[in-house]
Amino acid sequence: MSDTVLHNPAARRGSAAGALLRHARYVVSENPVTGLAFALFLLIALCALIGPYVVPYDPLASDTAAALKPPSLAHWFGTDQLGRDIFSRVIVATRLDFVIALSSVALVFAMGGLAGVAAGYFGGWTDRIVGRISDTIMAFPLFVLAMGIVAALGNTVTNIVIATAIINFPLYVRVARAEANVRREAGFVQAARLSGNGEFRILLTQILPNIMPIMMVQISLTMGYAILNAAGLSFIGLGVRPPTPEWGIMVAEGAGNIISGEWWIALFPGAALMLAVFCFNLLGDGLRDLVDPQRRT
Amino acid sequence: MLATLGKRLVTVIPTLVGVVIVTFLLTRVLPGDPAVYFAGPAATPQSIAEVRKSLGLDRPLPEQFVRYVNDLAHGNLGNSLSTGQPVVQELKSRLPASAELTLSGLLLSLLIAVPLGILAAVRQGSWIDHLCRIVATAGVSLPVFFTGLLLVYIFYFVLGWAPSPIGRLDAFATAPASLTGFYLIDSLLARDFETFRAALAQLILPAVTLAVFSLAPIARITRASMLAVLASDFVRTARASGLSTRTVIITYAFRNAMLPVITTLGMVFSFLLGANVLVEKVFAWPGIGSYAVEALIASDFAPVQGFVLAMAILYVALNLAIDVLYGLIDPRVRLEG
């Protein structure tokens, strides 16, 4: 039986996929919440991908006759002051929020990850300069610094991405630095050095791939924070301009109607935002338990 | 103690220098013309040129920096365009409102999160432990402005328990004579219980909003550090010596478990000061956060710059206070110079 598996490539591939599936099933059964979070993540990704093509209404089309209608069969989440369909707007907004969070995390991963690995691996001046930059960023309350950066750079979505990346920089540096530091004199690094690899080459081909799992956990843990931060900035009127559908700005648009009882305008985008952040946080916790069980709290 | 305090004060200097440089860079070096910002949205090329000259923006950067530091040293943060008032004065008059809100939020959050974390650790795996985990995960996932609006809807619109979210006092109450700037304390000092009640009613919802937001990290750290302490040798010894569970937990474990919690407060303050801006916007709270937001929307840059700098200095001071507190609680700590 095992012989046929070993000698038949198709069967071997089948068993590899089977092992992956088994492992995934084990992870999910160990912590069903992680499974739930993953399902939620797929749903959010699906909304971001095909959302704009499947929503029942144009998210920008106003219809004053149908303004401020509570949720009904025609408008699942109700309509806002201009009669726009909130369900369509919430779904369409997924893509923008997702893209903002993803690109800011990708940016900080590139900046902070590389700077941190270099600081941990080379030590000395590199370490001191990178450390000083992180310390200075950490000296500010982070959301306040993000406000200042967006105000200075200009009020655009790109700058929200940059500001969110900058305030996450110290977190990435700290993790990457610590992980690179412990691997500095590891056996495989010394072997690579002995076989004549340059320091930069070792950094990129030996250290970086080894700390990837930990960095992936960091990414999914900060995704939620990145979404929250971006939505917070657009809530106070930075970055995204109306009428663009975006969760933070939609909550801001509905904020005035809360005290007169029209709860649905702010509630649904807010709930979507909460669900997305919740999903990323759970996913991050689950991933961390998987990659690094010792840090579980 | 004084010597270690002095040493710690010295370590603040490079941080402050960094903060000043960053706020300077934010206005002067980044793309975008600061003169355009300072001149406001309705500026003509002539007025922009005038502003550039009057702000000294036509000078070389190092000279601008010296001027900036000199202005700061004299407590000059420039004037707001929309109100014409000096930024420093506005910040000063609005700071107590923000401080009262933030501190009430933190106090409330500590009162809930610390016992919750301790109970979760003492009864590990029980319902209270699960509750702690749910609170910790939900708390960090809730956008703070969303929690605020939700509370307003439930407690103002549906139940009618809370007053409308329009600042520190309703229209019928008059502010108490200002001693500390904290309405709760001032009204108590003046024995004006009517105003105290009114101010408290306005404060509860925003403070709860902030508390919900900062519960999570505090509860999480309390639980984790309590678990670590409870598993340690000295707790085992205390138990073996026949001390009551109460004494062991409160006198022995709790005091040691609080140390990591105090360290975490620094991070919590970073979150709180940021969340404060959003909460102030939701509840029309007349603090420095809503001042900055109004200025941001009007492209009035001087207040924003002043706000960022003020917040950073406040945060550095808070971190310093936390370190000193840590030293007081744990005499083993020798602060590094």
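Start with how chain B folds back on itself: of its contacts with a separation of 6 or more, 70% are between residues 24 or more positions apart. Two residues are in contact here if their C-beta atoms, placed from the backbone, lie within 7 Å. Keep in mind that this is a predicted model, where local features need pLDDT of at least 70 and side-chain atom pairs count only at pLDDT 80 or more, while totals for chains, interfaces and linings use all residues. Residues are numbered from 1 along each chain as its sequence is written, and chains are lettered from A and ligands numbered from 1 in the order in which they are written.

What is chain B made of? It has 13 helices and zero strands, counting DSSP runs numbered from the N terminus, with helices being H or I of at least four residues and strands E of at least two. Its C-alpha atoms fill a box of roughly 80 × 55 × 40 Å along the principal axes. Of the 337 residues in chain B, 41% are buried. Buried means that 20 or more other C-beta atoms lie within 10 Å of a residue's own; exposed means 12 or fewer, and partly exposed is in between, with C-beta atoms placed from the backbone.

Now walk along part of chain B. Helix α10(B), residues 233–240, lies largely in the open, because zero of its eight residues are buried. Just after α10(B) comes Gly242(B), with a positive phi of about 85°.

Then there's α11(B). A straight helix of 38 residues would span 56 Å at 1.5 Å a residue, but α11(B) spans only 45 Å between its end C-alpha atoms; the expected span is 1.5 Å times one less than the number of residues. Look at Phe254(B), where α11(B) bends by about 45°. That bend is the angle between axes fitted to the seven residues ending there and the seven starting there.

Next, find Ala284(B) in the loop between α11 (245–282) and α12 (288–297) of chain B. Its phi is near 50°, a positive value in a residue other than glycine. Ala284(B) is partly exposed, with 13 other C-beta atoms within 10 Å.

Finally, see where the chains meet: 39 residues of chain A are in contact with 43 residues of chain B. On chain A's side, α5 (124–138), α6 (142–153), α9 (199–235), α10 (247–258) and α11 (264–291) each supply at least two residues. The largest share, ten residues, comes from α6(A). That side of chain A divides into 28 nonpolar residues, ten polar and one charged. Here Ala, Val, Leu, Ile, Met, Phe, Trp, Tyr, Cys and Pro count as nonpolar, Asp, Glu, Lys and Arg as charged, and the others, Gly among them, as polar.
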